[in-house]
Amino acid sequence: MYDAASALAVSSRDPISEDHRPQGVRDHPVLRLMPDEVQDLVRRKGQMRSGRAGESLEGRAAVGFVLDGALAAFDRKNMACVGLHGRGAMFGWEASLASAFYPVRFLPLIDTHWIEAPATDLSDLMGQAWVEHVFARHALDRLSRVQAEAACNAVHQVPHRTANWIRRLYETSGPELRTTQSILAQAMGVQRTSVNAAVKALERDGALKLSRGRMIVTDPARLHRFACGC
């Protein structure tokens, strides 16, 4: 069980490296740059959420701050992944602006923890102009990422895309990824057999090692060379 107390501090005994250690709320790179009033509201009214790898979750009318893990977000029709929210990411500002909230589906690719605060509370606190400004900046970044993802899907073959997704998870969470080929296939919108073949090829090449319910990146350089790099 993940609770607020464990999110606010990281034990000095934690063996995970500095780059991949679990984040606390105060460590979140976006949240800590926001006005003090916002940080205080998130700490007071924020709700901790967690999702296990492969668990289908429904989004809420809230702004979320990912502390560790990776969430794949799907479109309204649940047909395609339109974004990957990794450690240190923020999502959900559109809920502050929309006249009607349409929940999206999230798929944790690995075990993921995040804190979310009601979008209306943030909008009431800072005002609509501030929310629109923040959302506009993030919307441009999101549009760029969606366009890049669409181009990648059209141009690159499944083996290189699979390697790229694993590379992104590695850069977010470190070498030991508690995920499966089935979960990756859901996020990529392809057949599991295609992802299975790609992962087996990476294992034969020495880029990673497969274990029950996990993938372990053993040679990041080989993984990077095989990935499409999008």
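In this predicted model, helix 2 (residues 36-45) buries Val-38, Gln-39, Leu-41 and Val-42. Viewed down the axis of helix 2, these buried residues fall within an arc of 160 degrees, so they line one face of the helix. The briefing then turns to a helix pair and a sheet.

**Helix 2**
- Asp-36 and Arg-44 are exposed, and they sit on the face of helix 2 turned away from its buried side.
- An α-helix has 3.6 residues a turn, so residues three or four places apart point the same way.

**Helix 5 and helix 6**
- Helix 5 (residues 158-173) packs with helix 6 (residues 181-188) at an angle of about 105 degrees, and their axes are 11 Å apart.
- The two helices, helix 5 and helix 6, are therefore roughly perpendicular to each other, given that angles of 65 to 115 degrees count as such.
- Helix 5 contributes Val-158, Arg-161, Thr-162, Trp-165, Ile-166 and Leu-169 to the contact, while helix 6 contributes Leu-184, Ala-187 and Met-188.

**Sheet of strands 7, 9 and 8**
- An open sheet is formed by three strands in the order 7-9-8, with antiparallel pairing.
- Strand 7 (176-177) and strand 8 (208-211) are the edge strands, each pairing on one side only.
- Two bridges join strand 7 to strand 9 (residues 214-217) in the antiparallel sense.
- Glu-176 stands opposite Ile-216 of strand 9.
- Helix 7 (residues 192-204) packs on the sheet and touches strand 8 and strand 9. The direction of helix 7 makes about 120 degrees with that of strand 8.

How values were computed: Residues are numbered from 1 along each chain as its sequence is written. This is a predicted model: local features need pLDDT of at least 70, side-chain atom pairs count only at pLDDT 80 or more; totals for chains, interfaces and linings use all residues. Side-chain values use heavy atoms; hydrogens and water are left out. Buried means under 20% relative accessible area, exposed over 50%, partly exposed in between (1.4 Å probe, protein chains only). Helices (H or I, at least four residues) and strands (E, at least two) are DSSP runs, numbered from the N terminus. The arc is that of the directions from the helix axis to the C-beta atoms. Axes are lines fitted to C-alpha atoms, for helices over the stretch in contact, and angles run from 0 to 180 degrees between N-to-C directions. Angles under 35 degrees count as roughly parallel, over 145 as roughly antiparallel, 65 to 115 as roughly perpendicular and the rest as oblique. Contact means heavy atoms within 4.5 Å. Two strands pair if DSSP finds at least two bridges between them.
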